[in-house]
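User: I would like to learn how to read the features of a protein model. Please take me through them in turn.

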Amino acid sequence: MRKPTALLLALPLLIGASCSDTCSENKNALPLAGFYPSGGTEKISLDSLEVTGVGMPGDSALSEGGTRIDQLYLPFRIDSDTTRYVFRDAHLYGGARDTVTFIYSRTPRFVNVECGVSYIFGIRSITSQGVLIDSVTCPTGFIDNSNLENLKIYFAVTEEGE
């Protein structure tokens, strides 16, 4: 019984080792979040936004501020049905911190022999706590390997706060 288990564990390594350039075109479900003003449809960019993952190795920083961004990739954990991020903007609201929690289902999907397995994340709920973020939506209700903006984060900003 150990031999099939060892083979299953080694299979992603073998498949990953044989990946070619065909796998570099977002074959993994990687959520892309766009930034919008509360109630608006035109994107905004923030120059002091810091985003860190909660409970991830070293609480990794995805954005350290100092660079204007209007979107950001927010990887979801594949070993859990929950991923949390802390958003902090040093210029707005005295550096307030908001926590956004994504709760989802994970469905593995075989992409192909070269690229291996990708996940589809079915969004069950999204909550945010704090004053910086008004709301977060996932227009399609799921995240797959489509190369598009999967999430919309609406910030409670004013003209002076951009």
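User: Among contacts between residues at least 6 apart in sequence, what percentage join residues at least 24 apart?

Analyst: The model is predicted, so local features need pLDDT of at least 70 and side-chain atom pairs count only at pLDDT 80 or more, while totals for chains, interfaces and linings use all residues. Residues are numbered from 1 along each chain as its sequence is written, and side-chain values use heavy atoms, with hydrogens and water left out. A contact means heavy atoms within 4.5 Å. Among contacts in this protein between residues at least 6 apart in sequence, 55% join residues at least 24 apart.

User: How many helices and strands are there, and what pattern do they follow along the sequence?

Analyst: Both are DSSP runs numbered from the N terminus: helices are H or I with at least four residues, strands are E with at least two. Here there are one helix and 10 strands. Along the sequence the pattern reads α-β-β-β-β-β-β-β-β-β-β.

User: What share of the residues is buried?

Analyst: Buried means under 20% relative accessible area, exposed means over 50%, and partly exposed lies in between (1.4 Å probe, protein chains only). Of the 162 residues in the protein, 35% are buried.

User: Which residues have the most contacts inside the largest nonpolar core?

Analyst: A nonpolar core is a set of buried Ala, Val, Leu, Ile, Met, Phe, Trp, Tyr and Cys residues joined through side-chain atoms within 4.5 Å. The largest one in this protein has 27 residues, and Leu49, Leu74, Phe87, Phe102, Ile153 and Phe155 have the most contacts inside it. At least two core residues come from each of β1 (32-37), β2 (49-54), β5 (82-89), β6 (97-112), β7 (116-129), β8 (133-137) and β10 (151-155).

User: Take two of those residues. What do Phe87 and Phe155 touch?

Analyst: Neighbours within four places in sequence are set aside for both. Phe87 is in contact with residues including Leu49, Leu74, Val100, Ile133, Ile153 and Phe155. Phe155 is found in strand β10 and is buried, at a relative accessible area of 0%. Among the residues that Phe155 touches are Phe35, Ile44, Leu46, Leu49, Phe87 and Ile133. The C-alpha atoms of Phe155 and Ile133 are separated by 4.4 Å, although the two residues are 22 apart along the chain.

User: Which parts does the pair Arg88 and Glu50 tie together?

Analyst: Their side chains meet in a salt bridge (3.2 Å, N to O). Arg88 lies in strand β5 and Glu50 in strand β2, so the pair ties together parts 38 residues apart in sequence. Glu50 is partly exposed, with a relative accessible area of 29%.

User: With which side chain does Thr101 make a polar contact?

Analyst: A polar contact is a pair of N or O atoms within 3.5 Å; within protein, one must be able to donate a hydrogen and the other to accept it, and residues adjacent in sequence count only if both atoms are side-chain atoms. The side chain of Thr101 makes such a contact with the side chain of Arg84 (3.3 Å). Thr101 is in strand β6 and is buried, with a relative accessible area of 10%.

Technical notes. A salt bridge is a side-chain nitrogen of Lys or Arg within 4 Å of a carboxyl oxygen of Asp or Glu.
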